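Have a look at the structure first.

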Amino acid sequence: MKTEEFNYHLPEDLIAQYPLDNRTESRLLILGRKDGSIEHKHFYDIVDYLKKGDVLVLNDTKVIPARIFGHRQNKEEKIEILLLKQKEDDVWECLTKPGKKTKTGSEIIISDKLKAKVVSVSEEGNRFIKFDYDGIFNEILDELGEMPLPPYIKAKLEDKDRYQTVYSKEQGSAAAPTAGLHFTEELLNEIKAMGIEIAYLTLHIGLGTFRPVKVEDIENHHMHSEYYTVSKETVNIINRAKSEGRRIVAVGTTSVRTLESISDDEGFISEKSGWTDIFIHPGYEFKCVDGLITNFHLPESTLLMLVSAFATKDIIFKAYEEAIEEKYRFFSFGDAMFIQ
């Protein structure tokens, strides 16, 4: 398939710039993946579409305040560093801006507590940066760093916690698993009380997730890799449900990618940690996931291709067209869709 087939026009005013005051009041489009049926609800109505025995799978990754700023010795220009993923103890793969100021060997002063040195540059232009610091790195990041909001969000985020899920736990993500932003502790408790099991996995999201596909033919796209871990407890919950014919409902494309990466042909999974570069696009046959809660995705993105595989491209694009007509809010702080 051609990348241009996954393009669509979105009015700029539908790109959500702020999270809603109440997470659960986002709108929710209910989409039938077989017949293309559409209902318009709010996220708190999700309880009417989940049923006893379902397993809800959540990605508990926690976003680090990965955007930091510094300057070179005796230079006044500001250099932005965006941490993507940790490679070894104090070396991170990063994006820098402006890139021409950060060649191999460049030293960057971020604060009295934190300094950085570019040790190498990848073929894609990403920088591998070694950090030198006094104290605990994560605590210094919390103090100095900003949340790595996507570039289409121009507004300043006043409360860092609004770009975290309420169940975020494992630090290491460069972006939020945004489908999970709609849940509150109260809603999760209500869901549990209905007899729905909740299982957690971790996939640390890299910014490659959001980048548009650049190649003409999607088959030629090189997918970035992301680190995941799935516990024995989660494996037992999911495998028991699969053996009993109960639904596995993934919250977010990151949960889908993790489950499908470790699933056998019957949909059973095993305890595992590792890196996945799975690229799910139309033609893929899902093995583990039966339902998907997700946000609305960027044109020509791998995420849009994934949901087009889960339903069909025609069904997804008709739903997007209706969402635009109904003025849904799009992307990270936007509204949600439940594909069942």
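This is a predicted model: local features need pLDDT of at least 70, side-chain atom pairs count only at pLDDT 80 or more; totals for chains, interfaces and linings use all residues.

Residues are numbered from 1 along each chain as its sequence is written, and side-chain values use heavy atoms, with hydrogens and water left out.

**Pockets**

- A pocket is an open set of points on a 1 Å grid over the protein atoms alone, with protein on both sides within 12 Å along at least five of seven lines, and its lining residues have an atom within 4 Å of a point.
- The largest pocket holds about 900 Å³ of space, where a volume is the space filled by probe spheres set on grid points joined across faces, edges and corners.
- Its lining has 35 residues, and Leu 84, Lys 85, Glu 93, His 224 and Ser 225 lie nearest the centre.
- Two or more lining residues come from each of β6 (79–88), β7 (91–97), α1 (137–144), β11 (170–173) and β13 (226–230); these helices (H or I, at least four residues) and strands (E, at least two) are DSSP runs, numbered from the N terminus.
- Strand β6 gives the most to this lining, with four residues.
- Sorted by class, the lining of the largest pocket has 13 nonpolar, 15 polar and seven charged residues; Ala, Val, Leu, Ile, Met, Phe, Trp, Tyr, Cys and Pro count as nonpolar, Asp, Glu, Lys and Arg as charged, and the others, Gly among them, as polar.
- The second largest pocket comes in at about 700 Å³, with 28 lining residues, of which Arg 67, Pro 148, Leu 149, Pro 150 and Pro 151 lie nearest its centre.
- In the second largest pocket, the lining divides into 16 nonpolar, two polar and 10 charged residues, and β7 gives the largest share, three residues.

**Cavities**

- A cavity is a set of grid points where a 1.4 Å probe fits but cannot get out, and the structure holds three of 30 Å³ or more.
- The second largest cavity has about 80 Å³ of space, and its lining includes Pro 19, Arg 23, His 182 and Phe 333.
- Four nonpolar, four polar and two charged residues make up that lining.

**Cores and a buried helix**

- A nonpolar core is a set of buried Ala, Val, Leu, Ile, Met, Phe, Trp, Tyr and Cys residues joined through side-chain atoms within 4.5 Å, with buried meaning under 20% relative accessible area, exposed over 50%, and partly exposed in between (1.4 Å probe, protein chains only).
- The largest core has 90 residues, of which Ile 81, Leu 83, Phe 131, Ile 316 and Phe 330 touch the most other members.
- Helix α6 (residues 313–325) supplies the largest share of this core, seven residues.
- Apart from it lies another core of 22 residues, among them Phe 43, Tyr 49, Ala 179 and Phe 338.
- Nine of the 10 residues of helix α4 (residues 253–262) are buried, so α4 is largely enclosed by the rest of the structure.

**A loop residue**

- Thr 104 sits in the loop between β7 and β8 (107–109), and is exposed, with a relative accessible area of 53%.
- Leaving aside neighbours within four places in sequence, Thr 104 is in contact (heavy atoms within 4.5 Å) with Val 118, Val 119, Ser 120 and Val 121.
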